[in-house]
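Please open the model in the viewer and keep the sequence panel at hand.

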Amino acid sequence: MRLSRFFLPTLKETPSEAQIVSHRLMLRAGMIRQHAAGIYNWLPLGTRVLKKIEHIVREEQNAAGAQEVIMPTIQASELWKESGRYEDYGPEMLRITDRHQRDMLYGPTHEEVVTDIFRNNIRSYRDIPKNLYQIHWKFRDEIRPRFGLMRGREFLMKDAYSFDINYERSKHAYNQMFVSYLRIFDRMGLKAVPMKADSGPIGGDLSHEFIVLADTGESSVFCHKALLEMSVPKNVDYDSNLQDIVDEWTSLYAATDEKHDVNVGAKLGSDLVSARGIEVGQTFHFGSKYSVPMKALVAGPGGEEVPVQMGSYGIGVSRCVAAIIEASHDENGIVWPDSVAPFNVGLINLKVGESDCDSTCAMLEKAIKAEGLDVLYDDREERAGVKFKDMELIGLPWQLVVGPKGIAKGVFELKRRETGIREELSLDMVVKKLAASGKHVIRIAGDDI
């Protein structure tokens, strides 16, 4: 992608409304622009990160046996009245009336809708278990939207819903999602710690929040330091008994501020980590909370009608973008992990219009893209300082600098954004090094411009 054609409206100054790091950097890096309070336009750079996060989520949810669907954003109020949540949910639900004076709502979550899908299509225990998920926009009318994507009103979310015949099977579904979440956040470059949580308006008595530790996190969290060193399982058989993995991750102390026990914390002493945290996902097991009032029943092995046992599992996809920035930035800008970076390599031409520089950059761009990497080629007629500052701000993992002096010596400067380490390498070595680093990156199609 040529930067001269790419829509990237970066800002030199931080807008006054941006109070936290992720909001400031997303505005300055040209990733988002505010449309209304708590509602944002996603520009090309931000959209690319969203797509890469979606890709990771889809791969891991599919691997865990979940199946993707798309449910409507506008929902009928009757379903919520059936479940008993229409009045209970509160003013965060945006209630609307259509032209026929029917009560509708903009979905803050989809338990009722997916339960309705299930009860209208599945009748026997032989047709379960099922786990349906979507990646879709939702709306919750926050009274004070702030902190950019951290406390917005409209947000992109992955929500999954499991259906099982009994508690034991539904607990296995819960464990599948728990382990899948460990893998999802690890692939994003995030260290997410599962912490026991309240179920809130979703319901149920088994729930975990997945919390990313960050200095600028929104709330206080506490955990055993050993949790920060635990390895996420690499090869998972989701049909096997996953309870040992879940037990390993939940046996050590971890609590949000609301759940923190100061006595337990005192006993842990130096093993207790006190930090700030950002919630990026939550899992819920709520049994028959929805299936009983909404009559989501299946015929059991003996022919008797049984209410299905359910769970729901959410990941804030758009919030993950902000969480990654909060956890990975420096004084110059964003520092993207390789797996979710909008582009993998920033190619900087120091002398646009000079034939050797132009032809060498074109050759490098083609060679790097052939290795499956996304390249943002800065072909603008700008000063070198402007180009370097913009590349630091948008935080691509690699910066490759091409100039007349380097070409004369047959070398190019390759910089790793995360460490700041610079190397002078030949063309072949540049391509080999980038290819080796890009084995697990996600490619966005349509960049041949």
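**First stop: a pair of strands**

Select residues 32–36, strand β1, together with residues 39–42, strand β2: the two run antiparallel and are joined by four bridges. The model in view is a predicted one. Within this pair, select isoleucine 32, whose bridge partner in β2 is tryptophan 42. Then move to the turn of the hairpin, where two residues lie between β1 and β2. Glycine 38 has a positive phi there, near 75°.

Most residues other than glycine have a negative phi. Two selections depart from that pattern.

Select glutamine 101, in the loop that runs between β5 (94–97) and β6 (103–106). Its phi is positive, near 65°. Is glutamine 101 buried or exposed? Glutamine 101 has a relative accessible area of 61% and is therefore exposed, the cut-off for that term being over 50%.

Next, select phenylalanine 147, which is found in the loop between β7 and β8 (154–164). Phenylalanine 147 also has a positive phi, near 60°.

Most peptide bonds are trans. Where does proline 129 lie? Proline 129 belongs to the loop between helix α4 (111–121) and strand β7 (130–139).

Definitions and conventions. Residues numbered from 1 in each chain as written. Predicted model: local features only at pLDDT ≥ 70, side-chain atom pairs only at ≥ 80, totals over all residues. Heavy atoms only, no water. Buried < 20%, exposed > 50% of the residue type's maximum accessible area, 1.4 Å probe, protein only. Pairing = 2+ DSSP bridges.
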